[in-house]
Amino acid sequence: MSVLAIDAGTTGVTAVVVTDNGHIETKGYEEFAQHFPRPGWVEHNPEDIWQATLAACAAALSGAAASPACVGITNQRETAVLWDRRTLAAPRRAVVWQDRRTAEQCLRLREAGHEPRISELTGLRLDPYFTATKLSWLAENDPGLWEGVESGNVAIGTVDSYLIARMTAGARHVTDPSNASRTLLYGLESGAWEPELCELFGVPESALPEIVPNYGPLGSTDPGAFLGLDLPISGVAGDQQAALFGQTCFDVGDVKCTYGTGSFVLTNLGGEIARSESGLLTTVAWQTPSGERTFALEGSIFVTGAAVQWLCDGLGVLGTAAESEALARTVPDTGGVVFVPALTGLGAPHWEPDARGLITGITRGTTRAHLVRATLEAIAYEVRDVVEAMTAGSAPVLKADGGASVNNLLMQLQADQLGTPVERPAIQETTALGAAFLAGLGAGVWGSKAELRQTWHLDRRFEPEQADDAGYKRWRAAVGLTTAAARPLS
């Protein structure tokens with residue numbers, strides 16, 4: 001048996017067919033357009049996401065030996081999507097998780113004293129990152145659209161909800177706790193939409209999706225809508241929680257880091273809701289069909305792999321991101337260059353939405369190799385900041401995945417900075433793999449988490465050698481300059 005897994009990411013959609021031994025049989029990928037209407041604004045056309053999903057799935061299925069038993073979905077989180085309940089057409093572009101247009105709204109709510117209560121209920125911070133302020137912005141700036149929301153004609157959801165609506169031809173309007181817990185509208189204790197928060201942000205609870213478990217019978221695809229297939233949709237999770245599941249981080253204290261556009265560090269908390277005093281978020285990792293929830297602490301770093309891409313696209317320092325390792329290895333160190341890649345603000349553990357990128361230590365001897373190495377070191381430093389805040393020390397091991405984890409130099413720098421081993425799995429598509437695992441559990445392809453553990457295989461283990469503490473101190477000083485510059489002069 002096999003499972004079709006859909007990973008609807010920020011820049012494209014990946015579809016994989018995963019066999020019951022945990023191997024990826026086939027893969028399809030389709031990019032979609034990014035829209036930047038103003039500085040700090042990021043939008044996607046939902047129809048583009050849907051067409052990319054169809055194309056990626058068609059490509060993956062075309063090479064598969066047999067039809068899959070079920071389908072699972074994982075997705076970019078926090079992105080606000082609206083669609084017509086009858087036609088399923090989106091009346092406007094989605095507001096993406098990276099979008100920062102609601103920074104002033106967050107400031108007003110913070111100055112009004114709402115943040116402590118919001119954090120108490122949700123485990124999150126008051127930040128433009130999350131969905132609720134995006135929805136409030138739409139209500140304020142597009143009243144005609146919002147009238148449709150309030151009348152019940154327009155549905156609200158995140159990307160998972162939108163894809164399930166399209167795949168089921170509108171029969172299902174659902175989300176799961178991992179996605180719901182990223183909206184600022186879901187209560188960690190209650191496990192439901194919080195009326196108090198819906199009222200604060202002006203979001204009608206009736207427009208929100210039903211919250212269902214992360215695996216089990218969640219719906220069925222409509223053959224007329226989804227490539228002629230009638231398959232159970234039996235697993236869904238936000239991308240970072242799916243990666244935690246795909247890395248088989250099932251025990252309390254297990255830690256993973258996904259190195260993508262940004263980097264996301266999660267540690268399994270088990271069944272207890274733990275609060276962070278160090279700028280980390282508490283989130284739902286997954287919920288079983290019986291209602292048992294597993295929680296996680298998360299550190300969200302907004303720009304890591306995107307910084308390498310900026311070197312390519314913005315500065316022309318690199319031809320491709322894949323060239324970064326070889327060029328960085330041509331110099332023994334950064335030559336004193338420090339790069340803080342706060343290109344869209346700073347996430348955990350600093351949370352400075354107005355911070356901007358900073359490069360220090362440039363001399364006449366600085367070369368592009370020094371800047372590239374400083375960028376890789378910055379990623380390792382950013383992850384160290386989060387892991388130390390998360391574990392009050394170091395984790396026993398860090399499981400690494402995502403596109404940038406193929407960079408052996410970065411992985412060694414990371415092990416050196418953490419003083420702990422970094423393990424990279426044989427299969428890098430752990431986000432899609434997590435969606436497949438959840439769906440397979442929900443449909444009986446696998447019978448237990450113990451079975452899933454047996455499918456995880458190590459590619460390489462990076463042992464710590466020697467940490468560059470002087471470099472890390474320079475990094476911390478540069479972060480201090482960045483955050484100070486972000487604050488208004490008194």
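A contact here means heavy atoms within 4.5 Å.

Before going on, a word on the model. This is a predicted model, in which local features need pLDDT of at least 70 and side-chain atom pairs count only at pLDDT 80 or more, while totals for chains, interfaces and linings use all residues. Residues are numbered from 1 along each chain as its sequence is written, and side-chain values use heavy atoms, with hydrogens and water left out.

Back to V337. This residue is in the loop between α11 (324-328) and β17 (338-340). Helices (H or I, at least four residues) and strands (E, at least two) are DSSP runs, numbered from the N terminus. Is V337 buried or exposed? Its relative accessibility is 3%, so V337 counts as buried. The cut-offs are these: buried is under 20% relative accessible area, exposed is over 50%, and partly exposed is in between, with a 1.4 Å probe and protein chains only. V337 and R474 are 137 residues apart along the chain, and their C-alpha atoms are separated by 9.1 Å.

Now the whole chain. The protein chain has 16 helices and 21 strands. Of its 490 residues, 59% are buried. A compact globule with 490 residues would have a radius of gyration near 23 Å, and the protein chain has 22 Å, which agrees. That radius is taken over C-alpha atoms, and the globule rule is 2.2 Å times the number of residues to the power 0.38. Along the principal axes, the C-alpha atoms fill a box of roughly 60 × 55 × 40 Å. Take the contacts between residues at least 6 apart in sequence: 71% of them join residues at least 24 apart.

Next, the aromatic rings. Rings of Phe, Tyr and Trp (its six-membered ring) pair if their centres lie within 6.5 Å; planes under 30 degrees apart count as stacked, over 60 as edge-to-face and the rest as tilted. How many aromatic pairs does this rule give? The count comes to 14 aromatic pairs. In one of them, W97 and Y129, the ring centres are 6.0 Å apart and the planes are at 65°, so this pair is edge-to-face. W97 lies in the loop between β7 (94-95) and α2 (103-111), and Y129 in the loop between α3 (115-122) and α4 (131-141), so the pair ties together parts that are 32 residues apart in sequence. W97 counts as buried at 6% relative accessibility, and Y129 counts as buried at 1%.

A further edge-to-face pair is F245 with W286, at 4.8 Å centre to centre and 85° between the planes. This pair links distant parts of the chain, with F245 in helix α9 (residues 239-246) and W286 in strand β15 (residues 281-287), 41 residues apart. F245 has 0% relative accessibility and counts as buried; W286, at 2%, also counts as buried. There is also an aromatic cluster, formed by W97, Y129, F130, F264 and F302.

Last, charges over rings. A charge sits over a ring if NZ of Lys or CZ of Arg is within 6 Å of the ring centre and within 35 degrees of the ring normal. The charged end of R101 sits over the ring of W41, 3.8 Å from its centre. The charged end of R384 sits over the ring of Y472, 3.7 Å from its centre.
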